[in-house]
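Reader: I would like to go through the terms used for this model and hear the grounds for each. Please set the value beside the cut-off every time.

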Amino acid sequence: MADKQFYITTAISYPNGAPHIGHAYEVLATDALARFKRLDGFDVMFLTGTDEHGQKIQQTAARQNRTARELVDEMAPLFQEMVRSLGCSNDDFIRTTEPRHYATVQALWKRMEAAGDIYLSKYAGWYSVRDEAYYAEDEIEDREGKKYSTKTGTPVEWVEEESYFFKLASYQEKLLALYESQPDFIGPNERRNEILSFVKGGLQDLSISRTTFDWGIPVPDAPGHIMYVWVDALTNYLSATGWPDAGASRAKYWPADLHVIGKDIVRFHAVYWPAFLMSAGLPLPKRVYGHGFLFNRGEKMSKSVGNVISPASLIETYGVDQVRYFFLREVPFGQDGNYSHEAIINRINADLANDLGNLAQRSLSMINKNCEGRVPVPGAFTPEDHEILAAADAILAEARSHHDVQAINKALDAIWRVVADANRYFAAQAPWGLKKTDPERMGTVLYVTAELLRQFGILTQPYMPTAAPKLLDLLSIPADQRSFASLAKRLSGGVELPPPAPVFPRYVETEAEG
RNA sequence: GGCGGAGUAGCUCAGUCGGUAGAGCAGCGGAAUCAUAAUCCGCGUGUCGGGGGUUCGAGUCCCUUCUCCGCUACCA
C-alpha cells in the first residue's frame with residue numbers, strides 16, 4: 001500500500017490578472033486525474049498554486065502604487081477561490097512567496113552550486129520584460145525609435161547584468177539518455193518530438209539570476225541577485241513535499257508522478273527541470289504532460305475581441321459538474337479545443353440530462369412506484385442481462401488504461417458507450433410492459449438497470465464530484481462503498497431507496513439569452 | 001529555411017498488418033409512452049486536399065504539389 005502513491009501537480013498560475021478559463025481547465029482536468037487515482041486506491045497528493053514573483057508582478061504593483069506583496073496577497077485568494085469553486089480536491093495550494101518555498105529553492109540552488117553547475121558571468125542583451133526573455137540582435141526590430149521583439153512584438157530594452165549561469169549545455173547527453181530510457185517522460189508524443197529535436201539541436205548554458213529587479217528569491221550569499229523565474233517556479237513541486245527535510249510527512253511523495261502543464265511550457269518542465277534535479281542529485285518526475293489550449297468559437301479569448309468569459313460565470317451559468325464534464329469530454333486532452341454556448345448545451349442536454357439523467361429518472365421512478373421503493377431482488381439473469389452487466393464491468397479497465405496516458409475524453413467515451421447500451425437495454429426489455437405480465441422479470445430488469453446506474457455513478461465521480469455522489473445517494477450506496485474497488489460488488493436487493501430526484505437538469509434557454 | 005503533425009460525411013473525428021469507406025452530433029421518417037418534449041428503430045452515391053506511381057487491389061506504401069498548424073533556425 002505504501003508503494004501505491006501518486007503525486008500530481010498543475011503548473012502554478014501567474015496571478016498578474018484574474019483567473020481565466022485556461023487556469024480553470026488545467027486544474028479541473030488535473031483534479032479529474034487525481035480523483036481517479038484516489039478512487040482507484042492510490043494515496044494521492046494533488047498540488048496546485050501560484051507563481052508570485054517576477055518583474056511583471058512588480059511593475060503591475062508599482063503602477064497601482066502598492067507593493068508586490070500587497071498585490072499577490074490580493075490575487076492569490078482569487079485563484080484559491082477558483083480552484084474551490086471548480087470542486088477541486090487539491091491537498092495543498094502553494095504560493096512561491098511562502099517561507100517554506102524560499103527554504104527549498106535556496107537549498108536546491110546550493111545543491112546545484114555544490115555540484116559545480118553554477119558559475120558567475122555576465123549577460124548582455126535585449127530583454128523583454130513581458131516575455132521574461134532575452135532576444136538576439138536579429139530578433140528585434142526598430143519601430144518609431146523603440147525596439148521590439150520580432151517574435152512576440154513586445155518592447156525590449158538593453159540590459160547588461162552580472163548573472164549566474166547554470167551549466168545546462170553539459171546536460172544535453174544526459175537529457176537525451178533520459179528521453180530514451182523513459183519514453184513516456186514527455187506526453188503527448190508531438191510534444192516529445194519537439195523537445196527531442198530541441199535538445200538534439202544543442203543546449204546553451206542558462207542565465208539563472210537577475211539583478212535588475214528585486215521581487216524574487218535571493219540567491220544565497222550573492223547580494224543583489226534574485227533567482228530566475230524557472231528556478232523559482234519549478235521548484236514549487238519540491239517545496240510542497242517539504243524537501244530537503246527527509247523527515248517531512250510528505251517527503252515520500254517525491255518524485256512526482258505527473259506534472260500537468262500547458263503545452264507552451266513543456267520545454268521548461270522537460271529540459272530545465274530534470275537538468276536542475278539531476279544536478280542536485282534528486283530523483284526525476286515520471287512524466288510531464290502538456291495539454292492544449294481552449295478557444296472560444298475558434299478564437300483565442302481576448303479583451304479586444306470581447307469574448308472573455310470568467311470561470312466563475314461559466315460555473316454560474318451551467319453548473320460546476322456540467323462545465324467539468326463538457327471540457328473533459330469534448331476536448332481530447334493534449335489537443336486544442338473549442339467551446340461555445342451551443343456546444344456546452346448540447347453536451348449537457350444530450351449526454352447528461354437525456355442519456356444518463358433520464359435513464360436514472362425513468363428506472364428509479366419505476367422502482368419507486370412498483371417496487372415499494374426498494375431495490376428489487378433479481379430473479380435469474382437472461383443473456384441480455386449478463387451482456388449489459390459485462391459491458392459495464394469492462395469499463396474500469398479501459399478507463400484505467402486511458403487515464404494512464406491522460407486520455408480523459410476517451411475514458412468518458414468508454415463510460416458513455418455503455419450508458420447508450422443501457423438505454424437500448426432498457427428500451428428492449430421494456431419493463432413498463434412487464435408490469436402486469438411478468439412482475440418478477442420487471443424487477444430483474446429494474447435491478448440490472450439500478451446496478452448499471454451504480455456503476456456509472458461510481459465511475460463518473462472523478463469528473464462530476466457533485467452530481468455523481470447525488471446519483472449514488474439515490475441508490476442508497478454507503479459512503480464507504482463508492483471507490484472503484486466496490487464496482488465488483490453488486491447492488492444488494494431489498495435496500496430502501498429515497499424518492500427519485502433529477503440529477504442532471506436540462507439546460508433550458510431563457511428568453512433573454514437567445 | 002529545417003524538423004514534425006494534419007488535411008476523410010453539414011460539424012467533431014475513428015480508420016489496426018494495403019482488400020468493396022465508419023462513429024458520435026445535427027437532419028429526415030417511424031415506434032413506444034416507464035421517463036427530464038426524454039428513449040428506441042431505420043435512413044449517408046462522401047472527388048478519403050490535388051496530381052502521378054507501385055500493386056490483382058491504396059484513405060492506408062512511394063514521389064510530387066497545395067493548404068493549415070506546431071517546434072526550431074535564420075542569411076553576409
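Author: The answers below take overall figures, salt bridges, a sheet, a helix pair and a single residue in turn.

Author: This is a predicted model. Chain A has 18 helices and 16 strands, and its C-alpha atoms fill a box of roughly 90 × 55 × 40 Å along the principal axes. Of the 514 residues, 56% are buried. Among contacts with a separation of 6 or more, 76% are between residues 24 or more positions apart.

Reader: What makes Asp 404 and Lys 37 a salt bridge?

Author: The rule asks for a side-chain nitrogen of Lys or Arg within 4 Å of a carboxyl oxygen of Asp or Glu. For Asp 404 and Lys 37 the N to O distance is 3.9 Å, so the pair meets the rule. The count by this rule comes to 29 salt bridges.

Reader: Which residues join Glu 330 and Arg 347 in one network?

Author: Glu 330 and Arg 347 form a salt bridge, with their closest N and O atoms 2.6 Å apart. The pair connects helix α11 to helix α12, 17 residues apart. Through salt bridges that share partners, Arg 329, Asp 351 and Asp 413 belong to one network with Glu 330 and Arg 347. At a relative accessible area of 30%, Glu 330 is partly exposed, because that value falls between 20% and 50%.

Reader: What makes β1 and β2 paired strands?

Author: Two strands pair if there are at least two bridges between them; β1 and β2 have five, so they pair. They run parallel. One of the bridges has Ile 8 with Phe 46 of β2 as its partner.

Reader: Why do β3 and β9 stand at the edges of the sheet?

Author: The open sheet has six strands in the order β3-β2-β1-β13-β14-β9, with parallel pairing. β3 and β9 each have a single partner strand, so one side of each lacks a neighbour in the sheet.

Reader: Why are α2 and α3 called roughly perpendicular?

Author: α2 and α3 pack at about 100°, with their axes 8 Å apart. Angles of 65 to 115 degrees count as roughly perpendicular, and therefore these helices do. Ile 57, Gln 58, Thr 60 and Ala 61 of α2 make the contact with Ala 68, Leu 71 and Val 72 of α3. By class, the contact has five nonpolar, two polar and no charged residues.

Reader: Is Asn 423 buried or exposed?

Author: Asn 423, in helix α15, has 16% relative accessibility, under the 20% limit, so it counts as buried. Beyond its neighbours within four places in sequence, Asn 423 is in contact with Asp 355, Leu 359 and Arg 362.

How values were computed:
Residues are numbered from 1 along each chain as its sequence is written. Chains are lettered from A and ligands numbered from 1 in the order in which they are written. This is a predicted model: local features need pLDDT of at least 70, side-chain atom pairs count only at pLDDT 80 or more; totals for chains, interfaces and linings use all residues. Side-chain values use heavy atoms; hydrogens and water are left out. Helices (H or I, at least four residues) and strands (E, at least two) are DSSP runs, numbered from the N terminus. Buried means under 20% relative accessible area, exposed over 50%, partly exposed in between (1.4 Å probe, protein chains only). Axes are lines fitted to C-alpha atoms, for helices over the stretch in contact, and angles run from 0 to 180 degrees between N-to-C directions. Angles under 35 degrees count as roughly parallel, over 145 as roughly antiparallel, 65 to 115 as roughly perpendicular and the rest as oblique. Contact means heavy atoms within 4.5 Å. Ala, Val, Leu, Ile, Met, Phe, Trp, Tyr, Cys and Pro count as nonpolar, Asp, Glu, Lys and Arg as charged, and the others, Gly among them, as polar.
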